[in-house]
Amino acid sequence: VGIINGLSGWTSSVDDSPADTITRRFRYDVALVSALKDLEEDIMEGLRGSGMEDSVCTSGFSVMIKESCDGMGDVSEKHGGGPVVPEKAVRFSITIMSVSVLADDEEEAVTIFTEPKPNSELSCKPLCLMFVDESDHETLTALLGPVVAERNAMKESRLILSIGGLPRSFRFHFRGTGYDEKMVREMEGLEASGSSYVCTLCDSSRAEASENMVLHSITRCHDENLERYEIWRTNPFSESGEELRDRVKGVSAKPFMETQPTLDALHCDIGNATEFYKIFQDEIGEVYQKVNPTREERRSWRAALDKQLRKKLKLRPVMRMNGNYARRLMTQESVEVVCELVPSEERREALRELMRLYLQMKPVWRATCPAKECPDQLCRYSFNSQSFADLLSSTFKYRYN
């Protein structure tokens, strides 16, 4: 089975207008077979390396799959001529993260293959390409519906595949961790990013998040979101819209695909840099002393900050924060440059400390495996994040009231 029409498996009724979304995909099981056959040598190598003789291991193989889905921005044709398609695209892809085997007489599973570069685009195999805007919830869910159905069918069944000349039985475990925050919100039925329920992992609202910056328990999961959607749909307690919304914490559409919400390192960088950029402006204008600065004042501080960054660090102003700008802004060097515009020595010290703590924490979320790559920073992470939150909620509390 080669590339199939992405609408196959999607039953259209008589009333449906024909979907003119162009989509192509692989059947999910076929794509997994192909990916596993590509790893055949690595799997055999792993079996030999762990002393598992070929004849012993034909069953008990587990494969961990990372699923990723993201919008691909502007893919419009520059000179026309082709079919008329939306100028946005979405790609759904899979990565084989690890293969482990539990031999019949063993207690523990042995990992025989681990993807050395799990975050590289080279290890990520496209499953489905769609000409659709990622914000078009209806079309996206219609196109991914068959993919979800195939995935659910595979969760319960085994795949028997010849590896190294013997038929071997594989089970698949799917982890939807390759979604950015926007896509998680869409897949899990949460309100969009402007919602007062800011977090994809917990129930805190903006106000609560600024009060309590450290202790949050992870409460949002696929099953719970489904339950909340049912409450939203049926309103069993006959509440008003506001009360109901507060009860379901902003789950107002049907969760469609099970994800494991995470925050990827890039968006972590961007989100933090955006906040620091605003703090820098406020510190230049000494907002901690003022009541309500005017828009003109704010604009002048921003202009001063941009001018200083451009002059000293060759950082050109950007319309929207991007990864490269964020990484250059979040350095001790740029804090020193900003401090030249901050009048009070005490405030300068606080800014330096804020950045120092941030730079201590950053390697932990940039690392693929923090326990191996930066164990010291990982040990101190909890302490550092609490110090960071304390500093924000005391010295910089004007921003979070």
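The structure holds 8 aromatic pairs. Rings of Phe, Tyr and Trp (its six-membered ring) count as a pair if their centres lie within 6.5 Å; planes under 30 degrees apart are called stacked, over 60 edge-to-face, and the rest tilted. The table gives two examples.

| Pair | Centre to centre | Angle between planes | Type |
|---|---|---|---|
| Phe276 and Tyr358 | 5.6 Å | 55 degrees | tilted |
| Tyr277 and Tyr325 | 6.4 Å | 80 degrees | edge-to-face |

This is a predicted model, in which local features need pLDDT of at least 70 and side-chain atom pairs count only at pLDDT 80 or more, while totals for chains, interfaces and linings use all residues. Residues are numbered from 1 along each chain as its sequence is written, and side-chain values use heavy atoms, with hydrogens and water left out.

Helices (H or I, at least four residues) and strands (E, at least two) are DSSP runs, numbered from the N terminus. Phe276 belongs to helix 8 (residues 265-284) and Tyr358 to helix 12 (residues 345-366), so their pair ties together parts that are 82 residues apart in sequence. Tyr277 also lies in helix 8, and its partner Tyr325 in helix 10 (residues 323-329), so this pair ties together parts that are 48 residues apart in sequence.

Buried means under 20% relative accessible area, exposed over 50%, and partly exposed in between (1.4 Å probe, protein chains only). Phe276 is buried at 3%, and Tyr358 is buried at 1%. Both Tyr277 and Tyr325 are buried as well. One aromatic cluster is formed by Phe276, Phe280, Tyr358, Trp365 and Phe388.

Helix 12 also holds Leu351, which is buried with a relative accessible area of 1%. The C-alpha atom of Leu351 is separated by 46 Å from that of Thr139, and the two residues are 212 apart along the chain.

The protein chain is divided into domain 1 (3-178), domain 2 (186-248) and domain 3 (265-399). These bounds come from an automatic or database domain assignment. Between the C-alpha centres of domain 1 and domain 3 there are 39 Å.

How many disulfides does a search of the whole structure find? The search finds 0. A disulfide is a pair of cysteine sulfur atoms within 2.5 Å. For Cys128, the closest cysteine sulfur is that of Cys69 at 8.1 Å, too far for a bond. For Cys202, the closest is that of Cys199 at 3.8 Å, which is also too far for a bond. Cys128 is buried at 1% relative accessible area, and Cys202 is buried at 6%.

Val75 sits in the loop between strand 3 (61-74) and strand 4 (88-101). With 32% relative accessibility, Val75 counts as partly exposed.

Most residues other than glycine have a negative phi. Ser238 has a positive phi, near 45 degrees, and lies in the loop between helix 6 (222-234) and helix 7 (241-248). Lys314 has a positive phi, near 55 degrees, and lies in the loop between helix 9 (295-313) and helix 10. Ser238 is exposed at 64% relative accessibility, and Lys314 is exposed at 65%.
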